[in-house]
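Please keep the sequence and the 3D view open while reading.

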Amino acid sequence: MPLSAAHKGAVEETVNFLLNATGPRGKRKICDMFRELPDKEAWAEYYDIIPQPRSMSLIQEKLRKNSYRNVMDVYEDLNLVFLNAMYYNEEGSQIWKDANTLKNLLDNEWRHRSSVLPLPRESPPPSSAQKVHQSVLPATAPPPAATPAPTAAPLAVPATAQPPATTNKRSTSSVPTASKPVPILPKSPPRPPSPEVEIDVGGASSDHEPVEEVARDEQSEEIVKQLEKSLPRWPGFSDQGWMPETNDDTYLDLVLAIKNHKDVVTTNRPSASLEAVPEDWPVPNTPYNNPLSLKSIESRCRSKLYPSTKAFDVDMSILFMKGRRWYEPGSEKYGHIILLQRLYQALTSSSPPPGPPYVSTTHFASLRAGPGTARPLHAASNANDSEGVPGVTTFRVSVKERKFVDEVHYKGWSFRLADWAHMANPDDPSRPVIAQVFKCWVSEEREKKGQPGLTVCWYNRPEQTIHPAHRQFWEGEVFKTSHFADHPLEDIIEKIACQFTARHVRGRPRPPFWYPGWPLYVCDSRYNDRDRCFVKIKNWNSCIPDEVRKNPDFMPIYPFERTVFPRRFGSPFLLKGKPVKGPGGFGEPLVKQQDADKTDTPGKRPRRTGTHSIVDQTGPNKGLYVGTPGAQTLAAAGSSSHSHFSSTQQVQQPQPQAVPTRPAEDRSIVTAAGGWTNLANNAVAEKIPPDTGASLVVIPKHFDRDPETNELLWFSGPPMNVARAPGPQYSLTYLHFLAKKRKAAQESDADDEASKRRKPAPRTATEIVNSVLSEESMA
């Protein structure tokens, strides 16, 4: 018979208490990760290890259907939820701690209702993994108080979804639960608890909390790898957005067009890079593990083995993904893969290019120019914007002749507001445009009626900016711009993700915003290409579409165990071997940094000036720059960087008559002294005269000056890695004396004012005469 009303009521109260148990700050419900079972495809080994999987949702469903016949069966199922998690996950991990806390809470709440419910079992149930595998249940902590107080947030994956990794094997004995034995897999290595992090969309307080920067060491690398290893994998392409049905001959024509396409300049076949990808290489972090190559697709097309156009289209998309994952991003062969993918997408569009042969000056991209070269139409009037291609982008999102929609689909990808994507770059296929979606729309223009597209905001790579030679960049760093562009869906390369700094150093985005293997970038600053200045982003709300600014579900994160900063690298133009080519280069900003800091919006433009300094550069981007004194590599490269990149990188230098800028120079102490040898020799041979003023005349080249005041920068000794000593301060006695003196002066001023108000005003001559006459008449 089903549970009695008293038993069912007491059980439901206990279940609701467990579901609503929160952390110490009440910001997370620690039972959320135990609500659902892990996915069987992603965590197949879990179902081999755990004999009786249970979840809170299953228990609630059975209670709702009155499926339980004994109240102790409910307790056993609840107990199994937490015992399974404690067995599968490593002791000391955050999931293990949360499961242990909830198990103690369950026992505590069950005993509090002992007048209605029978006493709970002291040992694990026979169907638990602990008993089946003859393992000893780890000692549990003493029962907690009525409210749980975990010290850290969970890893935010399903309760039993932490994958087994290496080391720390359990007991080798196993007891079969059915006809075949249950394999015993090693547990994952222990990890320190994760800090409780509640990060909302940009602008939340957590985004502005100061964080202490730490070096990227082996432990940090292991933290990142361990987290990404435990995250869910990408499920694969969806069923929407594929090429419409066509005949079998079209498949072969498309494959041959990709295979035989040649570069018009070098006459090389980019498909050679695609054919070099191993056929049996599985695409990592994806469900696509079957052998696949351009040759095998061609063979299937000739044999007419594809059952549908979608099946052929999916295979081609997987093939291009294999190429993108096989080659290093930014390499020439990586660019070949992007070029062929964009050609394929152009050929499968409603308006394919004429050919063969297929020729395009924009590498088949829809726009005429990319980041670093494109200019808005009205920006060409500026002196430094005269170079470039005007009319490609805008400074705001256009709303004319288009119908906005919530979502668009293309080649198995789904894009919504604020999603990130790689878009085809007409200037360099090997460096796709990093873009964030601001609008999804369907065109209502007469020529493009019904064609969908995206309005995106561009983010520049370091090589697409003009920056000082000493500037350093974070790994994967990009910069938000004020450029908005309209792209057709054929420009889409793949889905990516980009995090702002406060979140990137604390964790990784959750699905569906990001999966392991997807390109991931970090943004810390804006880049104003008109004035060549970087401005650290202080208000993240201003960087994302209005519709998602207050949405708490926008790109949440899986937290790290501690803050992990990205690695730093020098300018890509100073790489050893083959420097990176790009539309950017070396140069100084055209505005003072303090003026650029006055605005954090693209609409306002700070005033220009001809005075620049390294100090100006380090202000808003503290932590992203490294000073040049003592850096031999940059000191040696500083004198030749401008002349080299002015020709190879097409750096747009300001017009002297329009903007009187100061010539860029290497102002390090080493260069000012004439090199290390000269500095060492003169340091011994020459002595500073007692009169400092005389020394400025005798050996001025040994000293640096402030770029604003032209005053001598004088240092009494070398820099030391110690905290600056505090300056002298007043004693409390003296401060008390000053306060009493100030108070006495205020009281004296108040008394003088009061006496002035009490003193009668002098009488006039008329008043005196009238008084005398009055006295005489009375006499």
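## Burial terms and a partly exposed residue

A residue is called buried when its relative accessible area is under 20%, exposed when that value is over 50%, and partly exposed in between. Asn-285 has a relative accessibility of 26%, so it counts as partly exposed. The model discussed here is a predicted one.

Asn-285 sits in the loop that runs between α9 (271-275) and α10 (294-302). Its phi is near 60 degrees, which is a positive value in a residue other than glycine.

## The chain as a whole

The chain contains 21 helices and 20 strands. It has 779 residues, and 46% of them count as buried. Its accessible surface comes to about 39700 Å², with 53% of that area belonging to carbon and sulfur atoms.

Contacts between residues at least 6 apart in sequence were also sorted by separation: 71% of them join residues at least 24 apart.

## The second largest cavity

The structure holds eight cavities of 30 Å³ or more. The second largest cavity contains about 100 Å³ of space. Its lining is made up of Phe-237, Ser-317, Phe-320, Arg-324, Gln-341, Tyr-344, Gln-345, Tyr-410, Lys-411, Trp-413, Ile-492 and Ile-493. By residue class, this lining divides into seven nonpolar, three polar and two charged residues.

Three elements each supply at least two lining residues: α11 (309-326), α12 (332-347) and β12 (492-500).

## Gln-341, a residue of the cavity lining

Gln-341 is one of the residues that line the second largest cavity, and it is found in helix α12. Is Gln-341 buried or exposed? Its relative accessible area is 5%, so Gln-341 is buried, the cut-off for that class being under 20%.

Leaving out residues up to four places away in sequence, Gln-341 touches Phe-320, Arg-324, Ile-492 and Ile-493.

## Two cis peptide bonds

Which residues does the cis peptide bond with omega of about -5 degrees join? The bond joins Pro-356 and Pro-357. Pro-357 is placed in the loop between α12 and β1.

Another cis peptide bond runs from Pro-511 to Pro-512, with omega near 5 degrees. Pro-512 lies in the loop between β13 (507-509) and β14 (520-528).

## Exposed loop residues

Lys-304 is found in the loop between α10 and α11. Phi of Lys-304 is near 55 degrees, again a positive value in a residue other than glycine. With a relative accessibility of 52%, Lys-304 counts as exposed, because the class begins over 50%.

Ser-350 is located in the loop between α12 and β1 (374-376). Its relative accessible area is 63%, so Ser-350 is exposed. Ser-350 and Gln-451 are 101 residues apart in sequence, while their C-alpha atoms are 9.1 Å apart in space.

## A strand residue and a helix residue

Phe-534 belongs to strand β15 (residues 533-536). Its relative accessible area is 0%, so Phe-534 is buried. His-467 is 67 residues away from Phe-534 along the chain, and their C-alpha atoms are separated by 8.6 Å.

Arg-111 is found in helix α5 (residues 94-112). At a relative accessible area of 34%, Arg-111 is partly exposed. Not counting residues up to four places away in sequence, Arg-111 touches Pro-120 and Glu-122.

Notes. Residues are numbered from 1 along each chain as its sequence is written. This is a predicted model: local features need pLDDT of at least 70, side-chain atom pairs count only at pLDDT 80 or more; totals for chains, interfaces and linings use all residues. Side-chain values use heavy atoms; hydrogens and water are left out. On a 1 Å grid over the protein atoms alone, a cavity is a set of points where a 1.4 Å probe fits but cannot get out, and a pocket is an open set with protein on both sides within 12 Å along at least five of seven lines; lining residues have an atom within 4 Å of a point. Grid points are joined across faces, edges and corners, and a volume is the space filled by probe spheres set on the points. Helices (H or I, at least four residues) and strands (E, at least two) are DSSP runs, numbered from the N terminus. Ala, Val, Leu, Ile, Met, Phe, Trp, Tyr, Cys and Pro count as nonpolar, Asp, Glu, Lys and Arg as charged, and the others, Gly among them, as polar. Buried means under 20% relative accessible area, exposed over 50%, partly exposed in between (1.4 Å probe, protein chains only). Contact means heavy atoms within 4.5 Å. Accessible areas come from the Shrake-Rupley method with a 1.4 Å probe; for residues, only the protein chains shown count as cover.
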